[in-house]
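Subject: Structure handover, aromatic pairs and nonpolar cores

Dear colleague,

Here is the structure for you to look over. My notes on it come after the display.

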Amino acid sequence: MKAPRGRPPDTSVAWSRFLNWTARALGGGWIFRGHANTHWGLSPSIGRPDRNSISQYSIERERLAFQLFKRQAAMYIDAANFDDWDWLALAQHHELPTRLLDWTSNPLVACFFAASDINESIQDSVVVGIKIDRRDWLSEEEMTKSPFSIPDVRLFQPNQRFGRVHAQHGIFSLHGDPTAPWSGPSPPRGPGARQGRFTVKKLWKPGFLQRLSLFGIDKGRLMGDLDGVASVLSWRLRANLPLE
């Protein structure tokens, strides 16, 4: 869906258009991701250029950081039954740069992440949707291998022991080359669009967040911890919204 020319519609009209846009998810087989900035590509954090960083991507340093995370995180959690896929998912959700990219099967969750980044609030956001099928998923055999041995882009469902993953209807894409932006499954398979984008104008963000909260989509529920609870109350205080 493309934004109309001229003056953008008001928030209520835009929200209705977004809900209509999400209807593509009704048939299943779609995953969604929210970007706080429309210019961002589909590349994982470990390979993403960072204007504040002086280092270049190195697989040796990526592997070393991952091993150090496993060693040090074991002091804080019971990881007796973890494999490297569990560790990679845990590292991703604690903001270690990895070769994973977060997706969700719920377009409302993706919309929340598109609209809620305070640092990018002056920018338009975008919700990206991609249609997938069973060929895009990692096989059981591949899941017995090291995540660093998979050469292409594949999807997997992380272990439900992680509360945030469950709350966010989380799915990960694993990127064999983290520096290469992904354009979605290739080649195209069958008729119909396999990718869509909905732009969330910056002036719509506050209204979208209020509407998402009515659907139970807020940081407190999606993060599942005290930081999320405090963040929601802080947002309601600043926005002069009811606290309960």
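The notes below cover aromatic pairs, nonpolar cores and a surface patch.

This is a predicted model, in which local features need pLDDT of at least 70 and side-chain atom pairs count only at pLDDT 80 or more, while totals for chains, interfaces and linings use all residues. Residues are numbered from 1 along each chain as its sequence is written, and side-chain values use heavy atoms, with hydrogens and water left out.

Aromatic pairs

The whole structure holds 18 aromatic pairs. Rings of Phe, Tyr and Trp (its six-membered ring) pair if their centres lie within 6.5 Å; planes under 30 degrees apart are stacked, over 60 edge-to-face, and the rest tilted. W85 and F156 pair edge-to-face, at 5.1 Å centre to centre and 70° between the planes. W85 sits in helix α3 (residues 84–93) and F156 in strand β4 (residues 153–156), so this pair ties together parts 71 residues apart in sequence. Helices (H or I, at least four residues) and strands (E, at least two) are DSSP runs, numbered from the N terminus. Both W85 and F156 are buried; buried means under 20% relative accessible area, exposed over 50%, and partly exposed in between (1.4 Å probe, protein chains only).

The rings of F198 and W204 have centres 6.5 Å apart and planes at 40°, so that pair is tilted. F198 is buried at 3% relative accessible area, and W204 is buried at 3% as well. F198 and W204 belong to one aromatic cluster that also includes W15, F18, W21, W30, F32, F208 and F215.

Nonpolar cores

A nonpolar core is a set of buried Ala, Val, Leu, Ile, Met, Phe, Trp, Tyr and Cys residues joined through side-chain atoms within 4.5 Å. The largest has 22 residues, of which F18, V127, F208 and L212 touch the most other members. Two or more residues each come from α1 (11–21), β1 (30–35), α4 (107–115), β6 (195–200) and α6 (205–214). The largest share, seven residues, is from α4. Beyond its neighbours within four places in sequence, F18 is in contact (heavy atoms within 4.5 Å) with P107, L108, C111, V127, F198 and F208. A second, separate core of 18 residues includes W85, L88, L90 and F148.

F215

F215, another member of the aromatic cluster, lies in the loop between α6 and α7 (219–223). F215 is partly exposed, with a relative accessible area of 48%.

Regards
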